[in-house]
Amino acid sequence: MPTLVSVFELPSNTASAVRKLRERGFDDLTTYSPAPFPELEEAEDPKPSKVRIFTLVGGLTGVVLGFLLQIWMSWEWPIKIAGKGYASIPPYSIVGFELTILLGGFFTFFGLLILGGLYPRPVDKHYDARFSAEDFGVVVRCDERDVAEVEQLMRSESAKEVSLVEA
Amino acid sequence: MPPPPPATAVAESLRPLTPARDSQANIDIMAPTKGFPWQYWLALGVAVLGVINLFGMIAYQTYVGLGVAGYQTPVFWGLYIITFVFWIGIGHAGTLISAILFLFRAKWRNAVNRCAEALTVFAVITAALFPLLHLGRIWKLYFLMPYPNQRGLWVNFKSPLLWDVFAISTYMSISIVFFYIGLIPDIAIARDRATGVKKILYTILALGWQGTGPQWKAHSRSILHLSGLATPLVLSVHSVVSWDFAMSLVPGWHATIFAPYFVAGAVFGGFAMVLNVLIPVRRIFGLERYLTAYHFENMSRFILLTSTICGYAYMAEYFIAWYSQVEPESTSFWLRAFGPYWFSTWCMITFNVIFPQLLWIKRLRTNLPFLFILGVFINIGMWFERYVIIITSLSREYITGAWGLYIPSPVELAILAGSFCWFSMWFLIFLKVFPVIAITEVKELVIHEKEHGGAH
């Protein structure tokens, strides 16, 4: 499939190009950015990130697990300490809190790995070291008949370079 | 309408991707990982020798027993607990800068957060050594873990010491996760420019990072959520550490002010250590463009604020000791200032409260040699603060007949010195392997400036 790699200098131009590509139905695209720019992320996919679901599930798992762990263990080996109940909730809130944070943090990390497709692997074929310098990249896969249109669109958005890397 | 030209014809008319000049931020900030002056190797050599000595001392104490430490009735929390609290405190500035200042959108943190996060991770790793040493029988460590055993006996969740196990473990884990997530895009930059073994190492650690839209979106949200989680965590960790003391009935310890007092002290000491680390790093590796007077001024203001909170806490402690009219409490505080440990108390007050007041002078807030020296004094003062809290209180409890003196043994002092070497060793290795400033965060500003014509 023909693949065009375009290089941009500014995030606003890149975001505008991506928006126009998507409006014209060119959804099979990948952007590369040297730093986070919300306008670019939103142009590519306006939906909010699902990382928040991972964080929420992790946090809830942590708090439930933290309290259950302590209450169950206190009843498993009941010892009266300082005149308090076997399972005394106020002091247990500390370990409950810590496990909320711990599992919330771990799940967030796993969310990042899953949603970002992060695992030890080589980079994409069309990735360029310039995209970790200060340039932005947009890789579009399109039909052969659309190549000229995509190329023209990229240039109209001030692309520094447009290359057809796969014909 | 004529048919579109074939793709190959279009290809001929398009320019191929050509190599371009690298980003200045990449060149400047990655430079320290490439060439290193002889002073670096000398410092690393000294640190490694110190670490060898540290583990030699630990092996000696493990073999002979805790008797080699200076513990004697009634002081059984000595230098190891002091140093443990000290290092945990040092670790607080990193998370404060990364998480709390991130939530407040304080842009000045961008240049200092990486160094501070690294400092947090290594300080907590250093702190984690000390409860093990304090246990004496290191091999009984697993007693602290809630694991199913044949006796069906579980740990006591009502004990602040166990809360501490959870708090420190969580803090260490979250700090490492935070540090690593922030590093991933920068490791990818290093990967794209490395060769040989380094390239393989960076390729593994970069996890295929390319800065695609989904990656940045997940990354930004992860940092935001982790900041939200780490903010209460950083405030809770030293609070829990303070409850190790405040939950007991020892004079000088049983006070409700302990949690905020410890947290403020931790941030204070942590920022001082950030200064002690950043000032030489900036000078040696020529990072003056990225670490400017503006950053040091902001850190100085934090130091001034937290120093004042510490000063208030010291005064409040003395006031309450007098106002309560509880004799053991007031005696304990009188002896802090005028008893056998007067030196440590006056060091604490002078270094933590009086000296930092010089930062009211604007010129001094950006005077780096002054800030470096002040940082050293503050670190000494903060170590003495924990010495005062622990030793003076334990050595002068309720029964005068049970009073005693604690003098650290040479083994303890060697382990204290070794802890600084252990911390320095990790930090020096970090300097060699990873960028010392968060490149992508700097680049975000640079590109923003390029787009908006120097609006920042």
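Mentor: A residue is called buried under 20% relative accessible area, exposed over 50%, and partly exposed in between, using a 1.4 Å probe and protein chains only. The model is predicted, so local features need pLDDT of at least 70 and side-chain atom pairs pLDDT 80 or more, while totals for chains, interfaces and linings use all residues. Residues are numbered from 1 along each chain as written, chains are lettered from A and ligands numbered from 1 in written order, and side-chain values use heavy atoms, without hydrogens and water.

Across the whole structure and all chains, 20 salt bridges are found (a side-chain nitrogen of Lys or Arg within 4 Å of a carboxyl oxygen of Asp or Glu). One of them, in chain A, joins the side chains of R121(A) and D124(A), at 3.6 Å from N to O. R121(A) is buried because its relative accessible area is 16%, whereas D124(A), with 29%, counts as partly exposed. Another pairs D143(A) with R145(A), with the closest N and O atoms 3.7 Å apart. Here D143(A) is partly exposed, at 35% relative accessible area, and R145(A) is exposed, at 58%.

In chain B, a salt bridge of 3.7 Å, N to O, is formed by the side chains of R336(B) and E317(B). This pair links distant parts of the chain, 19 residues apart: R336(B) belongs to helix α13 (residues 327-338) and E317(B) to helix α12 (residues 293-324). Helices (DSSP H or I, at least four residues) and strands (E, at least two) are numbered from the N terminus. R336(B) is buried, with a relative accessible area of 2%, and E317(B) is buried with 7%. Salt bridges that share partners also form one network of E297(B), R301(B), K362(B) and R365(B).

As for the backbone, most residues other than glycine have a negative phi, and most peptide bonds are trans. S158(A) has a positive phi, near 65°; its place is the loop between α5 (147-156) and β4 (161-166) of chain A. At 46% relative accessibility, S158(A) is partly exposed. L207(B) also has a positive phi, near 55°, and is found in the loop between α9 (196-206) and α10 (213-246) of chain B. L207(B) counts as buried because its relative accessibility is 10%. Between T73(B) and P74(B) the peptide bond is cis, with omega about 0°. P74(B) is placed in the loop between α3 (38-64) and α4 (79-90) of chain B.
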